[in-house]
Amino acid sequence: MESIGELRKWLRDLPCEELPSALEKISGDTRAGVCRLREQFEKKYNAYINEIKRLHEISRYENACYDNGMSYVAGVDEVGRGPLAGPVVTAAVILPKDCLIMGINDSKKLSPAKREALYDVIMDKAVSVSLAMEDNEVIDSINILQATYRAMKKSVEGLSIKPDMVLVDAVTIPGVDVPQTPIIKGDAKSISIGAASIVAKVTRDRMMKEFSKVYPQYDFDSNMGYGTAKHIAAIKEYGLCKIHRRSFTGGIVNE
C-alpha cells in the first residue's frame, strides 16, 4: 500500500484533467490522510474546471469572430495613462484560436509574479505580439489620449499578421484600417485584451525599474511613476526629472 506522501506526490504531478480518474482509484482507501488528500485534490480539480469555464467565457468575443469566418483577432490595451512620469505603453496580441492560457485576466487583478509568469507564456504561445510607446514629451505635446491612440495604432500596425478584427479596451483607435470592437473593461472580458494588458504592464514596469536606477530618489521601481505620497514628496524636494510629464505635475511644482 502506498504511503500518504507517495499518493500526494502522485496526485500533485498529475495534469488536472486526470484527477477525477485518479481520485476514483483511491476512493476505497479509508485512511484519514487519504480522505484529506481526496478532499484537497477535488477542490483543486473544481478550481481548474471553474477556470476553464471562465476562460471560455472571456473568449466569447474571439469565438464570435471565428464563427464569422475570421482567422486572426487582436486584443489591444494600454498601460500608463495616469502616472506622473514615464511613457504610455500599448500592446497588441493575437492568440491562436482556442488558446486557453490559465490565469489570463486584467493585469491589475494579478500579482507582479503572476504577470511575469503569464508574460512568458503569452510571448511563447502568441501568433504575434507588437508593443509601442509614447514618451512623456509626446504626452505633454499632444495630450495623453492622443498619445495613447498613436501608440495603439503603432501596436496594431506592428503586428506581423494583419488581424481581421481588433478588440480594444474601451476605445476605438483612430486611423486603423481594420474593423474594431471597443469593449468596456475589455481586459477582464476578452482573453486577447487581457493578454495585451499583461504584456503592456510587464513591459512598462520593467522600463520603470530601469528608470529607477537612473533616478532613485523618485522610487519608480515601487510606484511605476504614479503619484504616491512618497513620489510627490520627492518631486517637491528634487524637482522634475527628464521622464516626468510636465502637463501632469503643474499642481505639484512649477518648472
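The legends below accompany a series of close-up views of a predicted model of a protein chain.

**View 1. The overall chain, built from 11 helices and 5 strands.** The C-alpha atoms of the protein chain fill a box of roughly 75 × 50 × 25 Å along the principal axes. Its radius of gyration is 23 Å, whereas a compact globule of 255 residues would have a value near 18 Å. Buried residues account for 47% of the 255 residues, and the chain exposes about 12600 Å², of which carbon and sulfur atoms supply 51%.

**View 2. The open sheet of 5 strands, with mixed pairing.** The strands follow the order β3-β2-β1-β4-β5 across the sheet. Because β3 (128-134) and β5 (180-183) stand at the edges and each has a single partner strand, one side of each is left without a neighbour in the sheet. From one strand to the next, the twist averages 20°. Helix α9 lies across β1, β2, β3, β4 (165-169) and β5, and runs at about 40° to β1.

**View 3. Strand β2 and its two antiparallel partners, β1 and β3.** Strands of a sheet pair through backbone hydrogen bonds, in either a parallel or an antiparallel arrangement. Here β1 (residues 73-79) pairs with β2 in the antiparallel sense over 6 bridges, while β2 and β3 are joined, also in the antiparallel sense, over 7 bridges. Individual positions can be followed across these pairings: E78 stands opposite T90 in β2, G75 has V93 of β2 as its bridge partner, and I94 has S128 of β3 as its bridge partner.

**View 4. The largest nonpolar core, a set of 22 residues.** In soluble globular proteins, nonpolar side chains tend to be buried together. Within this core, the residues that touch the most other members are V93, L95, I101, I104, L118, I122 and I198. The elements contributing two or more residues are β2 (88-94), α5 (112-125) and α9 (191-214), and the largest share, 7 residues, comes from α9. Another core, of 14 residues, lies apart from this one and has V76, A92, V166 and V176 among its members.

**View 5. The surroundings of I101.** Leaving aside residues up to four places away in sequence, I101 touches L55, L95, L118, V121, I122, K125 and I191. Two of these neighbours, L118 and I122, are listed together with I101 among the residues of the largest nonpolar core that touch the most other members.

**View 6. E51, a buried residue in helix α3.** The helix that carries E51 spans residues 32-57. E51 has a relative accessibility of 16%, and therefore counts as buried, the cut-off being under 20%. When residues up to four places away in sequence are not counted, E51 touches M102, G103 and I104. Of these contacts, I104 is one of the residues that touch the most other members of the largest nonpolar core.

Methods
Residues are numbered from 1 along each chain as its sequence is written. This is a predicted model: local features need pLDDT of at least 70, side-chain atom pairs count only at pLDDT 80 or more; totals for chains, interfaces and linings use all residues. Side-chain values use heavy atoms; hydrogens and water are left out. A nonpolar core is a set of buried Ala, Val, Leu, Ile, Met, Phe, Trp, Tyr and Cys residues joined through side-chain atoms within 4.5 Å. Buried means under 20% relative accessible area, exposed over 50%, partly exposed in between (1.4 Å probe, protein chains only). Helices (H or I, at least four residues) and strands (E, at least two) are DSSP runs, numbered from the N terminus. Contact means heavy atoms within 4.5 Å. Two strands pair if DSSP finds at least two bridges between them. Axes are lines fitted to C-alpha atoms, for helices over the stretch in contact, and angles run from 0 to 180 degrees between N-to-C directions. The radius of gyration is taken over C-alpha atoms; the globule rule is 2.2 Å times the number of residues to the power 0.38. Accessible areas come from the Shrake-Rupley method with a 1.4 Å probe; for residues, only the protein chains shown count as cover.
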